[in-house]
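Colleague: Could you take me through the local geometry and the contacts here, giving the cut-offs as you go?

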Amino acid sequence: MQIKKRLAKIFVYSVLTITLLTSLFPIFWTISTSFKKRVDTFALPPKFFNFSPTMDNYKKLFSDPTFVKVYLNTILFTLGAAFLSICIGSLAAYALARNPRFRGKTTFEILLILLRAMPGVVLIVPLYDLCSKLHLLGELPVLITIITVFNLPFTIWMLTPFFAAIPIELEEAGMVDGLSTWQIFRQIVIPLALPGISAAAIFLSLLTWNEFLVPVILGDQSTQTLPVLISGFISARTLDWGPMAAASSLAIIPIAVLTVFVQRKLVVGLSLGALKE
Amino acid sequence: MRGARLASVGKSSRAPLAFSLPAWILIIPIFILPLGLGLYLSVFDKSLGFPQPINFVGLANFQSDVKNSNFYSAVKVTAQFMAIAVFIQIPIGIFLAMVLHSASKFASMFRSSLLIPMLLTPVAVALMWRFMFSSELGIINWVLDKMTLAQPDWLGSVTAAFFAVAIVDSWQSIPFVVLITLAGLAAMPVAPQEAAMIDGASTIQRIRYVTLPLLKPVLLVILLIRIIDSFKLFDIIFILTRGGPGTATQTLSMLDYNTAFTFLATSRAAAIGVVLALMSLPLYYLWKKVISVSS
C-alpha cells in the first residue's frame with residue numbers, strides 16, 4: 001500500500017511537471033528571445049541561458065513613435081471597451097437577474113447565445129461594407145462600440161450571477177425609504193456588486209486586449225493595436241525575430257501577471273454563465 | 001423566484017425593458033443589422049476589386065459555393081479541428097484536471113502556470129510558435145533531431161501544418177478544459193466518493209462510475225464551448241498558415257475571410273457568412289440542452 005501510494009505520487013508530480021514545462025516553455029522562449037542579439041536568436045544548438053542579454057530589441061521598438069502610439073491605442077481600446085461593456089452590461093444583467101420574465105427577455109437571451117456562437121467574420125464582412133459606406137473605418141470609438149457588442153455575452157453572463165446574489169431585502173429597504181428604481185440601482189446594488197464588476201472588467205480587458213479581427217479589418221493605421229502590429233511582422237520581407245519577440249512579450253506579460261490574480265473568477269465568465277462558482 | 005417580489009423592477013414591466021435598452025441600442029446596429037445586410041449582399045454580385053454596377057444574382061453565390069471544392073475542403077478542415085477539440089483536448093484536459101485535483105502540494109502554483117497560456121494574445125502566441133516551428137532553425141525540430149525523430153516542414157507540408165495549428169490551439173485550449181473541470185471537481189460532494197471507497201471500488205472504478213457521471217453537467221458545458229470555439233478558430237490559423245499550404249488549414253472562417261479580404265468578393269463572402277450563421281443555429285439548441293441538464 002505504501003509503495004503504491006508513493007508510485008501514485010511520483011506519477012502525479014511527473015505529469016504535472018511535464019505539463020508545467022509544456023505550458024511555460026513557449027512563454028520563456030518568447031521572453032528570452034526578446035533579449036537576444038540577432039546572432040543568438042537562430043543559434044544552433046539553441047541558447048537557453050548562455051547568451052549576453054541585450055535591450056536592443058526593446059530600444060528599437062520604442063524608438064519608433066508608431067510603436068508607442070500602438071501601445072497607447074491598445075490601452076485606450078481595452079479600457080474604453082471594458083468601461084462601455086460594464087455600463088451597458090450591468091444595466092442589462094441587473095434586469096435579467098431580478099426579473100423572471102419581461103418583454104424581450106427571451107429574444108435578448110437567444111441573441112446573446114447566437115452572438116457567442118457565431119464566427120466573428122460573419123459579422124465583420126457586412127460591418128466592413130457598412131462602415132466604409134458611412135466613413136466609419138479607422139475610428140477608435142466605433143471599434144470600441146463594436147467590440148463591446150461582440151463581448152456582450154461574456155459581460156452579461158459574468159455579471160448576472162453577482163446581481164442575483166445580492167439580498168433582495170436590501171433593495172426592499174431602499175424602496176421603503178422612498179428611493180426610485182434608478183437610485184436603488186445606483187446607491188445600493190452597484191456598490192454591492194463591485195467585486196463582480198471588477199472581475200468582469202478585468203476579464204473584458206483581457207478579451208479586448210487580445211482582439212484581432214475587429215481592429216485589423218475595421219481599423220486603419222491610426223487605430224492600430226498590438227495584435228494588429230504583431231500580425232504585420234509576418235508580411236514584412238525579412239523576419240526580424242528579436243523585435244517581434246519583444247512586441248509579443250509586451251503583449252503577453254501584462255496578461256500573464258493578471259491571470260494569476262483573477263483565475264478563480266474566470267470560471268463563471270468562461271462557462272457561458274452555465275456554471276456558478 | 002425571489003426577484004418577483006421586488007415591486008420596482010419586478011412588477012412594472014417597463015423598468016427591466018428600460019434597463020436593457022442601452023444593450024438593445026447597440027445590438028441592433030452591430031448584430032442584427034449586419035446579419036440582415038449580409039443576407040442582402042449575398043444575393044448580389046458586389047466585389048471590392050471591380051467597382052462596377054451591382055447586379056441581383058439570386059442564389060448564384062450559394063450555388064457556386066456548393067460547386068466549389070474549397071468550400072467542401074473548408075467544411076472538412078473545420079470538422080477536423082472540432083474533432084481534435086472533442087476527442088483529444090477534452091480527454092487530456094479532464095485527465096490533467098483529475099491529476100491536478102489529487103495533488104496536495106503546489107496545486108495552486110501548478111494551476112496558475114497551467115492557466116496562463118489560455119488567456120495570452122492568440123496572435124502573439126501563434127507568432128512565437130511560428131518561430132519555434134521554423135523547419136531549419138526552429139527549436140522544435142532541433143529537439144526532434146536530438147531525439148533522432150523525423151523533422152517535418154511544419155508550416156509547409158499539408159499534414160504537418162494541420163497538426164501545427166492543432167498543437168497551438170490545444171496549448172491554449174486544454175487549460176480551459178482543465179480550469180472548468182477543476183471547478184466541477186471542487187464543487188463535487190465527497191459522500192459518493194467515500195461510499196465508493198468503503199465499498200472497495202478501485203480508482204478507475206470510482207472515476208468511471210462516480211466522478212464522471214457527477215461531472216456530466218460540467219463536461220457538457222465544456223463540450224459545447226469547445227465545439228463553439230473550434231468552429232470560430234481564426235487568429236492562430238491567420239498567423240501560422242493563413243489557411244495554407246493550399247487549403248490544408250483553411251477553415252470556414254478563414255475561407256470567408258480570404259474570400260472577402262484577399263479576393264475582395266464581398267457578395268460571395270456574404271453568402272458564406274449566411275451559411276456560417278445558419279450552421280451556428282443548432283448550437284443554440286445544444287446550448288439550451290446543456291443549460292437544462294446543468295441547472
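Colleague: Is Thr259(B) buried or exposed?

Modeller: This is a predicted model, in which local features need pLDDT of at least 70 and side-chain atom pairs count only at pLDDT 80 or more, while totals for chains, interfaces and linings use all residues. Residues are numbered from 1 along each chain as its sequence is written, and chains are lettered from A and ligands numbered from 1 in the order in which they are written. A residue is buried if 20 or more other C-beta atoms lie within 10 Å of its own, exposed if 12 or fewer, and partly exposed in between, with C-beta atoms placed from the backbone. Because 26 other C-beta atoms lie within 10 Å of Thr259(B), this residue is buried.

Colleague: How many C-beta neighbours inside 10 Å does Leu264(B) have?

Modeller: Leu264(B) belongs to the loop between H12 and helix H13 (266–294) of chain B, and its phi is positive, near 60°, although the residue is not glycine. Leu264(B) counts as partly exposed because its C-beta neighbours inside 10 Å number 14.

Colleague: Is Thr148(B) buried or exposed?

Modeller: Thr148(B), in the loop between helix H7 (139–146) and helix H8 (158–186) of chain B, has a positive phi of about 50° without being a glycine. With 6 C-beta neighbours inside 10 Å, Thr148(B) therefore counts as exposed.

Colleague: Which peptide bond is cis?

Modeller: Pro245(B) is placed in the loop between helix H11 (235–240) and helix H12 (252–262) of chain B. With omega at about -5°, the cis peptide bond is the one joining Gly244(B) and Pro245(B).

Colleague: How many nonpolar residues are on the side of chain B that touches chain A?

Modeller: The contact takes 85 residues from chain B and 88 residues from chain A. Helix H2 (residues 14–41) of chain B gives the largest share of the chain B side, 15 residues. Ala, Val, Leu, Ile, Met, Phe, Trp, Tyr, Cys and Pro count as nonpolar, Asp, Glu, Lys and Arg as charged, and the others, Gly among them, as polar. On the side of chain B that touches chain A, 15 residues are polar, five are charged and the nonpolar ones number 65.

Technical notes:
Helices (H or I, at least four residues) and strands (E, at least two) are DSSP runs, numbered from the N terminus. Two residues are in contact if their C-beta atoms, placed from the backbone, lie within 7 Å.
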